[in-house]
Protein chains: 2
Amino acid sequence: MSRGSLPQFDPGDRPAGERLPEATVSRLPVYLRVLAGMAERGVVTVSSDQLAAGAGVNSAKLRKDLSHLGSYGIRGVGYDVDYLIYQVSRALGLTQDWPVVIVGAGNLGRALANYGGFVTRGFRIAALLDSDPAIVGSRIGRVAVRHSDELEDLIVRHKVAIGVIATPGGAAQAVCDRLVAAGVTSILNFAPVVLNVAEGVDVRKVDLSIELQILAFHAQRRSAERNGPPSEDELRTVSEGAGLPSVPGGASRLSTAAAVPSAAEA
Amino acid sequence: MSRGSLPQFDPGDRPAGERLPEATVSRLPVYLRVLAGMAERGVVTVSSDQLAAGAGVNSAKLRKDLSHLGSYGIRGVGYDVDYLIYQVSRALGLTQDWPVVIVGAGNLGRALANYGGFVTRGFRIAALLDSDPAIVGSRIGRVAVRHSDELEDLIVRHKVAIGVIATPGGAAQAVCDRLVAAGVTSILNFAPVVLNVAEGVDVRKVDLSIELQILAFHAQRRSAERNGPPSEDELRTVSEGAGLPSVPGGASRLSTAAAVPSAAEA
DNA sequence: ACGCCTTTGTGAACCAATGCACAAAGTCGT
DNA sequence: ACGACTTTGTGCATTGGTTCACAAAGGCGT
């Protein structure tokens, strides 16, 4: 237990310099959600085993994650639910609330704005923007759709630090550039493009098709396993209905492979 | 270059036993998307540097990722775009197409069904389900909304292997159970709950509030850094407007901490 | 035909994350 | 008041992932 000199009343705090491992950060919100559910059901104390089960992780991992925040458990008992909620919230920066701007009020933007229950957990929709005059002015839940011309102004006035991009792919990079220029340094991107940003800007992406493709990979692997391990070289019979494209540069020329099925295009 | 005995014509294939690292799998879809964009713009050949830049990763990582699929580059030149698209697609299992069922036709389900461009890349919406009679029968894009009673039937008839859960949190676990019981082994969950599934079922989650919380953490860290490194113990002045809850079990009793601000609840 | 130049593929060193297993801490029943 | 029992927090070994840096491969110009 390597703790520096610390004041009496908060026995658990880590020295301020401590950096949370990225993997831990990405799990804390999950713990927080499970804890919130427990608090709602009146649970007062929880052991690492119970919480880990609820979050779907190994209990040793959970304890190590929490130990990075400080020493907030009680041996032989577990963790106080409310107190742990507070500590995790604090570690994540949720004790202040964050004004968020959502750009794009199409299907997805609307869905996000309506999340309500989610978005209000430490976050507040400062603005919902769109460029289509036909929907500017309408209301989605509690927020009015404003024109994207106001983007810079709204960001500055509401001190927005987090932007959500819910536009079509084509518009995403331009929107991103404007967000960054206006001072936003955290961006959550739902558009299916890789955003290019300057150093120091934090981008996370949420992408349906990527997730589906990862699932497809595992599904394929599982089904391949079931049908017996593909004995050394029946590889090219896996996909019917698509001629095997010729190998470029095999012994002949490059870019002969134009007639590829290209499963990845629209 | 450790390759076993292999037929002449496909010089790059890896021995069939090769397992792709998970991290690689999660990046392949990104490469695929960038490649598709290049193909569309008529690019024929791409170097690892260019592709890596487009995908926002280090080029060494990109090369190592691709090398797990096989040896499909040409030294001194790069990779043939179409051929690489084909190989990546094949590795991901996208040379067959995957019928997908989406459960929940609320805002989010509708947004997903309308993705069109995305979903059609190797995937096909076999069914869009909802339990609300008011919207059953309506059309979202090309697909009709059907009643969730038909779930089991549709899954079996269309050989659906991938399910997408876009219901409110409360319904998610029940839907998940039904999907699994009907034979679905890959699930993409948009509902804000941790799903409990049997061994062998693959669940991925997409969660707005988790992503936002991770962004908030980094935003907080950055801003804390700018305002000077918090000198050893000004920790408890970080959050105004929220009284520091008492420490449970400090020297007094457990669960005194009931009046916590609880930034994580509705 | 030959050598220069580009770019791949990978060995090896590093770093991050996981999981085991156990000592230390602290509760609770008697 | 004490000892048995529970549960935390963490040292350590291991696994997985990233990055560097370079030899081998192969095209291209002359």
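**The protein–DNA surface**

In DNA strand C, a phosphate oxygen is 2.4 Å from an N or O atom in the side chain of B:Ser48. Polar contacts here are pairs of N or O atoms within 3.5 Å; within protein, one atom must be able to donate a hydrogen and the other to accept it, and residues adjacent in sequence count only if both atoms are side-chain atoms. Before going further, please note that this is a predicted model, in which local features need pLDDT of at least 70 and side-chain atom pairs count only at pLDDT 80 or more, while totals for chains, interfaces and linings use all residues. Residues are numbered from 1 along each chain as its sequence is written, chains are lettered from A and ligands numbered from 1 in the order in which they are written, and side-chain values use heavy atoms, with hydrogens and water left out.

Let us stay with strand C. A polar side-chain atom of A:Arg27 lies 2.9 Å from one of its phosphate oxygens, and an N or O atom in the side chain of B:Arg75 is 3.0 Å from a sugar or linking oxygen of DNA strand C. Two or more residues of the surface near this strand come from each of helix 1 (22–40) and helix 3 of chain A, and from each of helix 3, strand 2 (73–74) and strand 3 (78–80) of chain B. Helices (H or I, at least four residues) and strands (E, at least two) are DSSP runs, numbered from the N terminus. Helix 3 of chain A gives the largest share, 4 residues.

A residue is near a strand or molecule if one of its heavy atoms lies within 4 Å of it. Of the 27 residues around DNA strand C, A:Lys64, A:Arg75, B:Ser48, B:Arg63 and B:Tyr79 come nearest. By class, this surface has 9 nonpolar, 8 polar and 10 charged residues. Here Ala, Val, Leu, Ile, Met, Phe, Trp, Tyr, Cys and Pro count as nonpolar, Asp, Glu, Lys and Arg as charged, and the others, Gly among them, as polar. Among the atoms of DNA strand C within 4 Å of the protein, 66% belong to sugar or phosphate and the rest to bases.

Now for DNA strand D. It has 27 residues around it, of which A:Ser48, A:Arg63, A:Tyr79, B:Arg27 and B:Arg75 come nearest. B:Arg27 places a polar side-chain atom 2.9 Å from a phosphate oxygen of DNA strand D. Of the atoms of DNA strand D within 4 Å of the protein, 65% belong to sugar or phosphate, and the rest to bases.

Which elements build the surface near DNA strand D? At least two residues each come from helix 3 (59–69), strand 2 (73–74) and strand 3 (78–80) of chain A, and from helix 1 (22–40) and helix 3 (59–69) of chain B. Helix 3 of chain B makes the largest contribution, with 4 residues. The classes near DNA strand D are 9 nonpolar, 8 polar and 10 charged residues.
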